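Below are some notes on packing and strand pairing, for checking against the coordinates.

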Amino acid sequence: MAVRIGELLLKEKRITVEQLQEALNHQRQHGGKLGFNLVKLGFVKDSDITALLSKQYGVPSILLAEFEIDPAVIKLVPAETAQKYQIVPLARAGATLTIAMTDPTNVFAMDDIRFMTGYNVEPVVASEIAVLEALEKYYGKAVGNGAGAAPTSALEVASKALAEMPTPTDAADVEVLEDLEEISAETLAKQGEEAPIIKLVNVLLMSAIQKGASDIHIEPYEKELRVRYRIDGVLYNIMSPPLKFRDAITSRVKIMAKLDISEKRLPQDGRIKIRFQDNGQPKDIDFRVSCLPTLFGEKIVMRLLDKDKLMLDMTKLGFESESLTRFEAAILKPWGMVLVTGPTGSGKTNTLYSSISRINTPETNIMTAEDPVEFNLMGINQVQVRENIGLTFAAALRSFLRQDPNIILVGEVRDFETAEIAIKAALTGHLVLSTLHTNDAPSTINRLMNMGIEPFLVASSVNLICAQRLVRRICKSCVEPSPTPPQALVQAGFSNDDAKAVVPQRGRGCEKCNNTGYKGRVGLYEVMEVTEELRELILVGASALELRRKAIDEGMITLRQSGLRKVKDGVTTIDEVVRETVK
């Protein structure tokens, strides 16, 4: 291999034959690789050797002297291993560790590091001098220094990390949690019931309620366990419990949700109902629990379902008056279809529940098929969809039609079969409410056609489509003017006249809003009523763009316009509107 490098250098006229011979003689006397000796003798530059090695091995090269390495990455590989194989860990991205090597063909080194760290290994090539200098810089004299040396195996690395990990004062009884993979389901149940874990999980649940969170995320990674809350649509890091509590926390949550704690390979869904004292009054809150197996354990997401926060008054959701008038007219019709669209977490469920609460009277038979049923509403027959036993949205819909319904709510139109039955129900004297995942109101028409529904069925069945998003409200306790250049307001969508007159507001940040400047959320709504003119366009296969233009001509307020009105009224900020909508 040394002669091969020499040949390449000669071919590129980087060195002479005499220099090569002198370097080979120096190598025989002092050892080391030919490239190292050539650089040492001053015949070539370090960068020349690196470029040559890259070409020779077919892997990227790096100039280590110009690269600053994170100390946390250095700790992943023990000093003895780095010295033995002459490698330097550079960076970690996801499950991949990039290492600099003098010989990227050394598969034994890569296999050893892969086994030791648990990461996939991606090699880049560097010169021997650069690697030796980096080893001295980042590992210093720890190499081979007896008691002061870094751990030499993955087991020692893990043991050292556990020894240094801070332990809560009340957690002494759950020390042996790193071996849970080997323990039976009965032992898991017992460990999950231990007092410190119960207290920790209870704190997580109550803290989420007090902070007004909508979701709790418990996420296991290789080196840490992370807990995050979603507050007003944005995730915030809350705490990082010791990693050794990972399985006990998971078991405790699963026990509370009545899930199978011995099943760690498949996703599971459950529900937790807790009761606590709120200002002296007992209050119930549901948590919808989802467990998902990931690379380093089960990720748990708990959605908080607080019935007191369910906004059933449609006038307070954020509808503009014109949009609300159209929407109410559509849901008060005796038949037809009303669709609410938007991404996950955009408030579609709240809008639908508000709708059926508005039309829930003793004279009507309202039936819903939901996955899952989030809130129990009095006077409404709610069915939980269970696809694993064949109770799909389509199957539930077929049964509904034999139950003498007036109004049907379908949680989501996911496929052709569900869409076909829902449209037929809308055409045969029933009011059908449902949701779809589309970006705006006009594109919903094309989405239905892409599912396979004929244009004439879509045109004759759909009464109205409402697209929506949620944006954060400015905190009322710390609101203040935020003068913005008119040009920026024009770019956001304001007219020239409005841009000169509007003074946007913002939240300064205070204790009530956790210094975010925002408190609560409000909806942006794009309500497209399917008029006779729009029906004609649908029948001739018009594009979403053509439908959008026509709807705007007929008075539709777009999502962006809805947001700008709320900016003008001081309800939200330009940043929030731009983040959630397009012009």
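1. Axes here are lines fitted to C-alpha atoms, for helices over the stretch in contact, and angles run from 0 to 180 degrees between N-to-C directions. Helices (H or I, at least four residues) and strands (E, at least two) are DSSP runs, numbered from the N terminus. This is a predicted model, in which local features need pLDDT of at least 70, side-chain atom pairs count only at pLDDT 80 or more, and totals for chains, interfaces and linings use all residues. Residues are numbered from 1 along each chain as its sequence is written, and side-chain values use heavy atoms, with hydrogens and water left out.

2. The axes of helix H17 (residues 442-451) and helix H22 (residues 544-553) cross at roughly 145 degrees and come within 8 Å. In contact (heavy atoms within 4.5 Å) are Pro442, Ser443, Ile445 and Asn446 of H17 with Ala544, Leu547 and Arg548 of H22.

3. Strands E1, E2 and E3 form an open, mixed sheet in that order, where pairing takes at least two DSSP bridges between two strands. Strand E1 (87-93) and strand E3 (120-125) are the edges, each pairing on one side only. Strand E2 (residues 96-101) runs parallel to E3, joined by six bridges; Met101 has Val125 in E3 as its bridge partner. Helix H7 (residues 107-117) lies across E1, E2 and E3, at about 145 degrees to E2.

4. Leu205 sits in helix H11 (residues 195-211). Leu205 counts as buried because its relative accessibility is 1%, the limits being under 20% for buried, over 50% for exposed and partly exposed in between (1.4 Å probe, protein chains only). Leaving out residues up to four places away in sequence, Leu205 touches Ile216, Met256, Ile274, Phe287 and Met302.
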